[in-house]
Amino acid sequence: SIMSMVVVLLLLLPCALLCLFSCAAAQLTPDFYDKSCPTLIPTVRAVLQKAIAKEPRIAASLLRLHFHDCFVNGCDASLLLDDTPSFTGEKGAVPNNRSARGFRVVDRAKFAVEKSCPGVVSCADILAILARESVVLVRMPRTFLHLKQ
């Protein structure tokens, strides 16, 4: 339901923001791709809007996916790696197996970005942008949450 999606977003937002702001020491900037891939944000947003229109819960799932990626060894997109015969990735690990969702949206966004900016934008950055844009696209009015006085 919409209410459960809002609750999940409200609970995970501080954690996701902490992960995003912890990278500040690396001197990252919001305009990093403005020259090398100016279509990045609109491209990712278009993919995300289609996904949210199909399934509104995917916004919360993408925020959670980003949180879980950042939680272990930093925001490195390691959660997106598939298992191979010689490697067991985080995607199939017990805590994520059958609970982490949104991988197809990340794949679609990466594919779309690669069309316009091949080899420029990392998967970790695409996942971070998807998480941020998910919050932006499904934001609820502040009056939605009623607290006791």
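Residues are numbered from 1 along each chain as its sequence is written, and side-chain values use heavy atoms, with hydrogens and water left out. In this predicted model local features need pLDDT of at least 70 and side-chain atom pairs count only at pLDDT 80 or more, while totals for chains, interfaces and linings use all residues.

User: How many disulfides are there by this rule?
Analyst: A disulfide is a pair of cysteine sulfur atoms within 2.5 Å. C37 is joined to C117 with S to S 2.1 Å, and C70 to C75 with S to S 2.0 Å. The count is 2 disulfides.

User: How many residues apart are C37 and C117?
Analyst: Helices (H or I, at least four residues) and strands (E, at least two) are DSSP runs, numbered from the N terminus. C37 lies in the loop between α1 (2–21) and α2 (40–54), and C117 in the loop between α4 and α5 (123–137). The pair links distant parts of the chain, 80 residues apart.

User: Is C75 buried or partly exposed?
Analyst: Buried means under 20% relative accessible area, exposed over 50%, and partly exposed in between (1.4 Å probe, protein chains only). C75 has a relative accessible area of 26%, so C75 is partly exposed.

User: What is the phi of A77?
Analyst: A77 sits in the loop between α3 (58–73) and α4 (103–116). Most residues other than glycine have a negative phi. A77, a residue other than glycine, has a positive value, near 65°.
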